[in-house]
Amino acid sequence: MRLGLGCYRVGPKWLWKALLVFVAIAFAGQLLGVIYNKSLQQDRSRWLFSSDGQGPSLGSCRPRSHVMFLKTHKTASSTVLNILYRYGEEKDLRFALPLGYQFGYPFSFNAHRVKGYSGPHVADFSIMGNHMRFNKPEVGKVMPADTFYFSILRDPVALTESSYAYYKAVAPAFRKAKGLGDFADNPWKYYDPRLRNNHYARNLLWFDFGLDHNANFSTTLAQRGEVAIRRAFKLILVSEHFDESMVLLRHALCWPLDAVVSFSLNARQQKSSGGSSWVDKAAAAQPPALALTDNQRQKLREWNALDWHLYQAFNRSFWDEVDRFGRARMDQEVVLLRTRRELLAKACLREGGRPIEASRIRDKNIRPFQSGFVKILGYELHPGLDNATRQACLRMIRPEIQYKDLLDARQFPRAAPQPAQALPPAIPAGRAHVRKGPSSQLRTGELGVEGGGWMGEERDWDGSRLSHSNNNNQKLVRDGGRRGGREGKRNIR
């Protein structure tokens, strides 16, 4: 028998027609499924970020769009700044951004430190929140008259623990001490007020508010500083009561609930003594270098007496504000806030919403900057999120440095390099800027007037000189020459 193509029968024509119809139906079903899934993802994104995102009614108030936040150090202020960044980005508001990452800190703020500033109230800036040493007259040149001023405080003992862990390598007083307990036992053994970066080791809150942190404590001086702060700021939040603080802030600004829902940013790793929980920081065992006895804690309160006065005074007024708001009402809104945070954490984050070490975050663009001898934690997003959900979740976890770079690039696209201006001589490493006049007095009743508006070199917290490179990626170039007299540069994205 001969077999050939000519005589090979492949079946009746109706079978071919049925097969083609089946393939067409399958293709159409697959196409409709893709469209449906895409629509479902979009609906899920809209539901996730708008269904309960408004929160309880705010009445007839109008949202505030002019906001100044004094970003104090080691007080959960990076989380607050993320809230401002997100809101401003979503509403397309104009930010008052620094030339580097801080407004000339630790020198007193000067309006010319703001990128794009060309004179008092020439440009309409809406939000200001990067680190500065507060100087109300100069801030007033940048921000509109109706600006809402607020800040945040923390127990000075907890703040000093965090400051020691983060700034040990750059603050001489911390660097010389064997541990925080050793420093607390005899601060004057290690502390020299003339040395740069030692402001991190004493009355850091008082310093950030623009006051003389080395002044001898007196009740009169402490009360005078408190009055000046109350005059300048409409609301002072408390880090230890962060959720209650966010409820008060939401109502003060007339913003929706989702605007103040946040994940803890720039948090340091806590070594838990009883499990893997990272939330219960009170139960976490401190590294040996941070261990303190009750007596040493009391000594730190005495060493930071001006900060301790501020914390006690504004903690009392904070709870007075809660009482005016209503305790029962506050409890209800805190529950809503925490429920919303948990929902967004499950939708957005891997690892059950827990922060993780930076080295475990696969996307290098959202790894937090590391400093000190403890690890700074970050987050990783769920894979497979639709684009709208991913972008909304990404805003909530984007680290401060990367977020600032993003806003800078959008606000100043392809900005031409500004001409260099003559600057005063740089302060040698280990030397302090000497101010003229009695710095222990609050002159003219304003905050931050000590030291005037002197503009030194643009330097970051570690003493590195800051300048932008001329490319469009907004890299920050740090001159690493300060460290041990060695020259070198390192780029931080």
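This is a predicted model: local features need pLDDT of at least 70, side-chain atom pairs count only at pLDDT 80 or more; totals for chains, interfaces and linings use all residues.

Colleague: How many disulfides does a search of the whole structure find?

Modeller: One joins Cys-61 to Cys-254, with the sulfur atoms 1.9 Å apart. Another links Cys-348 and Cys-393, S to S 2.0 Å. For the whole structure, the search comes up with two.

Colleague: Is Cys-61 buried, exposed or partly exposed?

Modeller: Its relative accessibility is 34%. Buried needs under 20% and exposed needs over 50%, so Cys-61 at 34% counts as partly exposed.

Colleague: And Cys-254, buried or exposed?

Modeller: Cys-254 has a relative accessible area of 7%. The cut-off for buried is under 20%, so Cys-254 comes out as buried.

Colleague: How many residues apart in sequence are the parts that Cys-61 and Cys-254 tie together?

Modeller: Cys-61 sits in the loop between α1 (13-50) and β1 (67-70). Cys-254 is in the loop between α9 (242-253) and α10 (257-260). The parts tied together are therefore 193 residues apart.

Colleague: Is the disulfide of Cys-348 and Cys-393 left-handed or right-handed?

Modeller: Cys-348 belongs to helix α13 (residues 327-348) and Cys-393 to helix α14 (residues 387-397). Cys-348 is buried at 0% relative accessible area, and Cys-393 is buried at 0% too. The torsion about their S-S bond is about -65°, so the disulfide is left-handed.

Definitions and conventions:
Residues are numbered from 1 along each chain as its sequence is written. Side-chain values use heavy atoms; hydrogens and water are left out. A disulfide is a pair of cysteine sulfur atoms within 2.5 Å. Helices (H or I, at least four residues) and strands (E, at least two) are DSSP runs, numbered from the N terminus. Buried means under 20% relative accessible area, exposed over 50%, partly exposed in between (1.4 Å probe, protein chains only).
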